[in-house]
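Here is a short report on one structure. Keep the sequence and the 3D view open while reading.

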Amino acid sequence: TLILGIETSCDETSAAVVKNGREVLSNIVSSQIDSHKRFGGVVPEIASRHHVEQVTYIVEEALETAGITPDELDAIAVTEGPGLVGALLIGVNAAKALAFAWNKPLVAVHHIAGHIYANHIVDELTFPLLSLVVSGGHTELIYMKDHVSYEVIGETRDDAVGEAYDKVARTLGLPYPGGPHIDRLAQIGEPVINLPRAWLEEGSYDFSFSGLKSAVINTLHNAKQRGESWSNEEIAASFQASVVDVLVTKTLKAVEEKGVERLVLAGGVAANKGLREALTAACEKVGITLTIPPIALCTDNAAMIAAAGTFLFNKGCLADERLNGQAGLKLE
Ligand code: ATP
Ligand code: MG
Ligand code: FE
């Protein structure tokens, strides 16, 4: 199966060609970070405009790099949601237009399913498995008993982990997106500040990161009054230690309770060095298989959409010309 994937849910325009759900023949990503940086976050109207300007070229480049012609494609898979509605609409309409022009089936993919299926490109998924999804808009523990079957057993009650990283980074005066900067500083500093960990009720797999974000802001504020001074490296390391501790502890508890032997990490924050290392060590200790995608497949890309789309296509789950972008699309 040869699938063309298209992803435009946020601030990267991406197109990819994937063979049999696993072999990436091309994965072109055009990032808009430079256009949004001066605003300190993604500006929806600017994102849509970029997608409109880029999407045709990116699709052409994906086909060219893969060395295939449109008639060789089996289907076109596109991100239906969740994401910025104006951004999603550009990808969805591009996919519909191409499906019509080339007479190809259309497949609608959930963005988070895409993040999870990035792992299938690395190592064929086996079930049951547990997936820890950590991204700019999501923090979820998902149980999968089979392909394209999702049970969300825990999720964030407030900020997503990536959002918390970006907000803390902003407080420290670091550029957007702040996650990679905090990660880099955390490697240098020591976690000397004792920041809170939101465990929530006994047995809950939900997460909460807004209290931690406030604690960082308060620590900075109080330090000024008390004449203490923490370096950015120390703050970053302390914040990251708290995040990683909660994520790893809750995930391993869920692994144990669900009795799975496979864990996959997904989403933009899966690029985090501290999290990758801590999760790798914890999984080794209990003897379960862990898959973590390479950085380029952690952040938004169309190869992951094509990979997830392949399973939907093979199951006969097709979309039609009524397909629309869904900003709040649910996974289950
Ligand atoms: P969603 O996938 O939930 O719709 P999104 O697509 O905007 O949201 P992703 O592109 O998957 O999110 O991830 C982007 C997020 O990942 C940003 O918040 C960014 O700061 C964070 N991030 C990227 N690299 C790192 C890193 N090394 N450490 C921590 N966070 C990181
Ligand atoms: Mg992004
Ligand atoms: Fe994403």
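## The ligand shell

By class, the shell around ligand 1 holds six nonpolar, 15 polar and three charged residues. This is a predicted model. Of the 24 residues around ligand 1, five come nearest: G136, G137, G162, G179 and G268.

## Helix α4

Is α4 enclosed or open? Of its 12 residues, 11 are buried, so α4 is largely enclosed by the rest of the structure. The buried stretch includes H111, I112, A113, G114 and H115. I116, Y117, A118, N119, H120 and I121 are also buried.

β6 belongs to an open sheet of five strands. The order is β8-β7-β6-β9-β10, and the pairing is mixed. β8 and β10 (289–291) are the edge strands, each pairing on one side only. On average, neighbouring strands of this sheet are turned by 20° against each other, direction ignored.

Both kinds of pairing can be traced here. β6 (residues 129–134) and β9 (residues 262–266) run parallel and are joined by four bridges. L132 has L265 as its bridge partner in β9. Helix α8 packs on the sheet and touches β6, β7, β8 and β9. The direction of α8 makes about 160° with that of β6.

β7 (residues 139–144) and β8 (residues 151–155) run antiparallel, again with four bridges. Y143 stands opposite E151 in β8. The hairpin of β7 and β8 has six residues between the strands. There, V148 takes a positive phi near 45°.

## The sheet with β1 inside

Another open sheet of five strands has the order β3-β2-β1-β4-β5. Its pairing is mixed. The edge strands are β3 (23–31) and β5 (106–110), and each pairs on one side only. Neighbouring strands of this sheet are turned by 20° against each other on average, direction ignored.

β1 (residues 2–7) and β4 (residues 75–81) run parallel, joined by four bridges. G5 has A77 as its bridge partner in β4. I6 has V78. On another pairing, five bridges join β4 to β5, and these strands also run parallel. T79 stands opposite V109 in β5. β4 is mostly covered, with seven of its seven residues buried.

## Helices on the β1 sheet

Which strands does the packing reach? Start again from β1 and β4, which run parallel. Helix α2 (residues 44–66) packs on their sheet, touching β1, β2 (12–19) and β3. Its direction makes about 25° with that of β2.

Helix α11 (residues 302–314) packs on the sheet as well. α11 touches β1, β2, β3, β4 and β5. Its direction makes about 130° with that of β1.

## The nonpolar core

In soluble globular proteins, nonpolar side chains tend to be buried together. How many residues does the largest nonpolar core have? The count is 102. The residues with the most contacts inside this core are I6, A16, I76, V107, A303 and A306. Helix α8 (residues 232–258) gives the most to this core, with 11 residues.

What does V107 touch, leaving out residues up to four places away in sequence? Its contacts include A75, I76 and A77. V107 also touches G309, L312, F313, C317, L318 and A319.

## A residue in α8

V243 is found in helix α8. Is V243 buried or exposed? It has 28 C-beta neighbours inside 10 Å, so V243 counts as buried. The cut-off for buried is 20 or more.

Notes. Residues numbered from 1 in each chain as written. Chains lettered and ligands numbered in written order. Predicted model: local features only at pLDDT ≥ 70, side-chain atom pairs only at ≥ 80, totals over all residues. Pairing = 2+ DSSP bridges. Helix = DSSP H or I, 4+ residues; strand = E, 2+ residues; numbered from the N terminus. Axes fitted to C-alpha atoms, helices over the stretch in contact; angles between N-to-C directions. Contact = placed C-beta atoms within 7 Å. Near = placed C-beta within 6 Å. Nonpolar A, V, L, I, M, F, W, Y, C, P; charged D, E, K, R; others polar. Core = buried A, V, L, I, M, F, W, Y, C linked by C-beta atoms within 7 Å.
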